[in-house]
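Here are a few friendly notes to read alongside the coordinates. I have kept them to the ligand shell and the annotated sites.

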Amino acid sequence: MLCFRLQTFALSIFQLCLLLIVASNGQQLQFGFYSQSCPIAEMTVRLTVQQAVQADRAVAAQLLRLSFHDCFVEGCDGSILLNTQDGERQAPGNAGLAGFNVIETAKSRLESLCPGVVSCADILALAARDAVALSNGPDYAVPTGRRDGRFSSRTLANNLPDVNEPIEVLTSKFRAKGMSIKDFVLLSAGGHTIGTTACFFMPKRLYNFTGRSDSDPALNQQFLPQLKSVCPPGGNVDHRLALDWSSAFIFDDHILRNILNGFAVLASDARLMDDRRARRVMESYVGGGQTASFGADFAEAMVRMGNIGVKTGSQGEIRQICSQVN
Ligand code: HEM
Ligand SMILES: *[C@@H]1O[C@H](CO)[C@@H](O)[C@H](O)[C@H]1NC(C)=O
């Protein structure tokens, strides 16, 4: 009996060593990374996001977009949160990003509860999950243990997917981050089931698609005049319109039906129709007799996106303020 106990003890020491080796090599995130060091971490983020979304429901989409823009430049390391002169935030592709103050509020609460423990990168990944859950989307477990990067560069952010790029360029940008075509469809369409765009991103698609004063032929012919009247030529570029037409605040599969029927608002969403595999992925969620669940698969894709280029173990740092390196 004693021997057995010693054996299990030795085994757990062994497991502990393994865990430490993995952690210090900086490879893997884990579920509940803060369950010992800051058990209230996830709850604090959830509560902060909930309060912010209650005050202004546009915040949910802002947080989701923020996490995508974090992960696609320098990995999910909170670099998008750094407010520096030549940092990512200044890149044109990051125009309109918002929600930074929500992350900063959660961070300052956590700094008083468990100083120096919870990274800004993790707060952002958790906040994106909470934003989706609060929009009637899936509520999923987010592996944590990300460390904060110390570097943010405007030029690196120039490589973000652009709304007017052709499908081949968009898919290759996602592939370069280890995301499959299915992930690309799930993340793009899933991301755009909530939120809005500024008219700023619309003119090419509506008024000069191929440079001959034409519009995107993928647009439904009844929908085109509607979009044109919302974003008239020379109109207010800051005016905002729903990405998922008539379903802007609820996470649902409506966006897929919209894209398949020519009601995509963003050009990059419409481009999903230009790839047969992408189209099949979309149809698998809304076609007759489908069994796949858009919400559950989106959640899995979010977890994969949340793993891109993460810093763990002794890499990076735990920032005290999310907008500044220590
Ligand atoms: C091909 C890839 C993508 C392109 C070109 C793209 C482009 C855009 C553009 C131009 C906007 C409007 C921004 C504004 O005016 O504020 C937008 C909004 C948004 N995007 Fe994407 N996006 C892409 C993928 C994603 C992904 C992967 C996600 C998250 C999983 C995402 C989440 C969002 C959200 C939630 C909004 C609404 C933001 C708000 O309401 O403030 N996008 N996207
Ligand atoms: C339309 O696009 C063409 C080619 O990209 C460009 O030369 C022209 O200036 C554009 N017209 C307007 C009104 O923006």
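Leaving aside its neighbours within four places in sequence, which residues is Asp244 in contact with?

1. This is a predicted model. Beyond four places in sequence, the contacts of Asp244 are His192, Thr193, Asp252, His254, Ile255 and Asn258. Asp244 sits in the loop that runs between β2 (240-242) and α11 (254-260), and it counts as buried because its relative accessibility is 0%.

2. Asp252 belongs to the loop between β2 and α11. With 22% relative accessibility, Asp252 counts as partly exposed. Not counting residues up to four places away in sequence, it touches Thr193, Asp244, Ser247 and Phe294.

3. UniProt, in an unreviewed entry, gives the feature "binding site" at Thr193, Asp244 and Asp252. These residues span 60 residues in sequence, but no two of their C-alpha atoms are more than 9.4 Å apart, so they gather at one spot.

4. Turning to ligand 1, 27 residues surround it, and the closest are Ala61, His192, Thr196, Ala198 and Arg240. By class, the shell has 15 nonpolar, nine polar and three charged residues. Ligand 1 lies between domain 1 (28-160) and domain 2 (167-303), because both give residues to its shell.

5. For the polar pairs, an oxygen atom of ligand 1 is 2.8 Å from a polar backbone atom of Ala198. A side-chain N or O atom of His192 is 2.9 Å from a nitrogen atom of the ligand, and a polar side-chain atom of Arg65 lies 3.3 Å from an oxygen atom of ligand 1. The elements giving two or more residues to the shell are α3 (59-71), α7 (167-175), α8 (181-191) and β1 (196-198); α3 supplies the largest share, five residues.

Note on methods: Residues are numbered from 1 along each chain as its sequence is written. Chains are lettered from A and ligands numbered from 1 in the order in which they are written. This is a predicted model: local features need pLDDT of at least 70, side-chain atom pairs count only at pLDDT 80 or more; totals for chains, interfaces and linings use all residues. Side-chain values use heavy atoms; hydrogens and water are left out. A residue is near a molecule or strand if one of its heavy atoms lies within 4 Å of it. A polar contact is a pair of N or O atoms within 3.5 Å; within protein, one must be able to donate a hydrogen and the other to accept it, and residues adjacent in sequence count only if both atoms are side-chain atoms. Helices (H or I, at least four residues) and strands (E, at least two) are DSSP runs, numbered from the N terminus. Ala, Val, Leu, Ile, Met, Phe, Trp, Tyr, Cys and Pro count as nonpolar, Asp, Glu, Lys and Arg as charged, and the others, Gly among them, as polar. Domain bounds come from an automatic or database domain assignment. UniProt positions are given in the numbering used here, feature names are shortened, and annotations may be inferred rather than shown by experiment. Buried means under 20% relative accessible area, exposed over 50%, partly exposed in between (1.4 Å probe, protein chains only). Contact means heavy atoms within 4.5 Å.
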